[in-house]
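Colleague: I would like to learn how to read the strands and sheets of a model like this one. Could you take me through it step by step?

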Amino acid sequence: MRRVILFFTILIVISSKNAYAADLSASCNGSGCTPSTSTALFPSTEIWYPNKSLTKTIRITNDSAITQTVGTKAQNTSQTGNVDTVLSLSIRRSSNNQLLWSGSLNNFFGQTLINLGTFAPASFEEFIFTLTMEQAANNSYQGKTAGFDLLLGFWEEETPTPTP
């Protein structure tokens, strides 16, 4: 029995050495994006303290038949005690580590839309979302909360209405 357990342990270690999995996957088509799970990307059970960072990866797939531009923004935002001013968020493209957006969570809440890029049909890209509490955050932020829903979708420029 020991050999079987050891074999599976070794097999898992060897086979998973270069395997990476996204924390969340979203498939986007003409009617929007559907996440693989409804689990919170940054769970409310997480205990935060100065200089703590939490990194999550999102894989977005364009399941539509045409090239699409994908964007993200926060909705249903909430916070207490201005904790959103001492939490910073960065969004990077995984393939080339390109920084797409960075700023306080408060600034993220105010963004109309953040462009994540243009996706060919049947293509995917992974993005790294990192949330960090500033080192200078003091005890006044204990017990404070921040929350938001992350909205992913196709970004289409609005066509201006012609004036007569």
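Predicted model: local features only at pLDDT ≥ 70, side-chain atom pairs only at ≥ 80, totals over all residues.

Colleague: How many helices and strands does the protein have, and in what order do the elements run?

Modeller: The protein contains two helices and nine strands, and, read from the N terminus, these elements follow one another as α-β-β-β-β-β-β-α-β-β-β.

Colleague: What holds strands together in general, and which strands form the open sheet here?

Modeller: Strands of a sheet pair through backbone hydrogen bonds, and they do so either parallel or antiparallel. In this protein, six strands make up an open sheet with mixed pairing, arranged in the order β2-β1-β3-β8-β5-β6. At its edges stand β2 (32-35) and β6 (98-104), and because each has a single partner strand, one side of each is left without a neighbour in the sheet. On average, neighbouring strands of this sheet are turned by 20 degrees against each other, direction ignored.

Colleague: In which sense do β1 and β3 pair?

Modeller: Strand β1 (residues 24-29) pairs with strand β3 (residues 53-62) in the parallel sense, over five bridges, and within this pair of strands L24 has I58 of β3 as its bridge partner.

Colleague: What share of the residues counts as buried, and what share of the surface belongs to carbon and sulfur atoms?

Modeller: Taking buried as under 20% relative accessible area, 31% of the 164 residues of the protein fall in that class. The accessible surface comes to about 10600 Å², and carbon and sulfur atoms hold 51% of that area. As for contacts with a separation of 6 or more, 77% are between residues 24 or more positions apart.

Technical notes
Residues numbered from 1 in each chain as written. Heavy atoms only, no water. Helix = DSSP H or I, 4+ residues; strand = E, 2+ residues; numbered from the N terminus. Buried < 20%, exposed > 50% of the residue type's maximum accessible area, 1.4 Å probe, protein only. Contact = heavy atoms within 4.5 Å. Areas by Shrake-Rupley, 256 points an atom, 1.4 Å probe, with all protein chains shown as cover. Pairing = 2+ DSSP bridges. Axes fitted to C-alpha atoms, helices over the stretch in contact; angles between N-to-C directions.
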